[in-house]
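Subject: Handover of a structure, with notes on what was found

Dear colleague,

Please find below the structure that I am handing over to you.

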Amino acid sequence: MLSFLSYITWTADPILAKIGPLTLRWYGLLFMSGFVLGTFVLSHIYKSERVSPRWVDVITIYMLVGTILGARLGHVLFYDPSYYLTSEHFLEIFKIWEGGLASHGATLGILLATWLFARNNKFDYLWVLDRIVIVVALGGCMIRIGNLMNSEIIGRVTDVPWAFKFARYNEIHGGNSNIPFELRHPTQIYEALFCIVLLVLLYFMWNRTKERTPRGQLFGLFVVLLFSFRVLVEFLKENQEAFEDRLPLNMGQLLSLPLIIMGLWVLLRAGKDPKNPYGHAPRDLEADEAPDQKAVKV
């Protein structure tokens, strides 16, 4: 069906606009749009389960901090500790705007952030995770589109009809590689599309059961599917760091394996706790609306 295509020349500029000393980049805009759009989705979910949407603002702050810190520290520790953990380059850890974020680090940051949110606000941890993964799937799609706009995380050389030629790669990233003249898998698009599939699947499953969703089911399924796909798609990607060329699997695949095992464990136990099969959350929507209703009656 796509045989009429020979390849797609990708010439997108990662910079959206420059306003005085400020530079607005597509990646930053798309990264934040995942959180903004996610608040609407999560508000709908919370309202449907009689949980006040005021909690959405609270958990979004936890998620934002956890995602950024986790992704940055994940890049530093998993991919380039020998560079950053030196006195000469240590302060560069804080230069997030220069790039260097790892999705596995973001995953760990999100797990910690949601645990803190649940503990501090009397939510069941797995209840929170079962709903938040729907939003995370949306955010993951936005981030991969941001990677595409940056011409980064590119695929291996290929001759498929939908191959991309990243014509501005050297201009954006420096160097004089042959990448601008080669046809590559658009792995950013593969992952973005898979995140959309996850978003639709998880939302459909939640919408069927809502407050009777088996505790841990959506989270376990999300983790197993996302990181299993990550293991597979990495075979189509170029390694991000030179040391990965010496490994049987690259770092992204190695970090995915324990997460898949964790997801399977949670999925197999989903909803099987007779004392807490569905999780719990403050069903406080009516309480928040009561003062307004009283004011109307007066």
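The notes below go through the findings topic by topic. Please bear in mind throughout that this is a predicted model.

Annotated regions

The UniProt record, in an unreviewed entry, places the feature "transmembrane region" at residues 27-46, 58-79, 99-118, 125-145, 189-206, 218-236 and 248-268. Residues 189-206 are 100% helix and 0% strand, with 26 Å between the C-alpha atoms at the two ends. For residues 248-268 the figures are 86% helix and 0% strand, and the end C-alpha atoms lie 29 Å apart.

Surface and loops

Leu85 has a relative accessible area of 48%, so it is classed as partly exposed.

Another loop, between helix 6 (169-173) and helix 7 (187-209), holds Asn176. Is Asn176 buried or exposed? Asn176 counts as exposed because its relative accessibility is 72%, and the cut-off for that class is over 50%. Between the C-alpha atoms of Asn176 and Met251 there is a separation of 25 Å, and the two residues are 75 apart along the chain.

Backbone angles

Arg50, which is not a glycine, has a positive phi near 60°. Arg50 belongs to the loop between helix 1 (26-48) and helix 2 (54-79), and with a relative accessible area of 37% it is partly exposed. Ile153 is likewise not a glycine, and its phi is positive at about 55°. The loop between helix 5 (125-149) and strand 4 (164-166) is where Ile153 is located. Ile153 is also partly exposed, at 22% relative accessibility.

Cysteines

How many disulfides does the structure hold? The number is zero. Cys141 takes part in no disulfide, and the nearest cysteine sulfur to it, that of Cys195, is 6.2 Å away. Cys195 is in no disulfide either, its nearest cysteine sulfur being that of Cys141. The reason is one of distance: the two sulfur atoms are 6.2 Å apart, whereas a disulfide is counted because the sulfur atoms lie within 2.5 Å. Cys141 is buried, with a relative accessible area of 8%, and Cys195 is buried as well, at 7%.

Aromatic rings

Across the whole structure, 15 aromatic pairs were found. Among them is the pair of Phe31 and Phe35, which is tilted, with 5.5 Å from centre to centre and 50° between the planes. Both residues lie in helix 1, four residues apart, or about one turn of the helix, and both are buried. Tyr83 and Tyr84 form an edge-to-face pair, with centres 5.1 Å apart and planes at 90°. Tyr83 is partly exposed at 30% relative accessibility, whereas Tyr84 is buried at 9%.

Which residues are linked by ring pairs into a cluster? They are Tyr46, Trp55, Tyr62, Phe117, Phe123 and Trp127.

With kind regards

Notes. Residues numbered from 1 in each chain as written. Predicted model: local features only at pLDDT ≥ 70, side-chain atom pairs only at ≥ 80, totals over all residues. Heavy atoms only, no water. Buried < 20%, exposed > 50% of the residue type's maximum accessible area, 1.4 Å probe, protein only. UniProt positions renumbered as here; feature names shortened; annotations may be inferred. Phe/Tyr/Trp six-rings, centres within 6.5 Å; stacked < 30°, edge-to-face > 60°.
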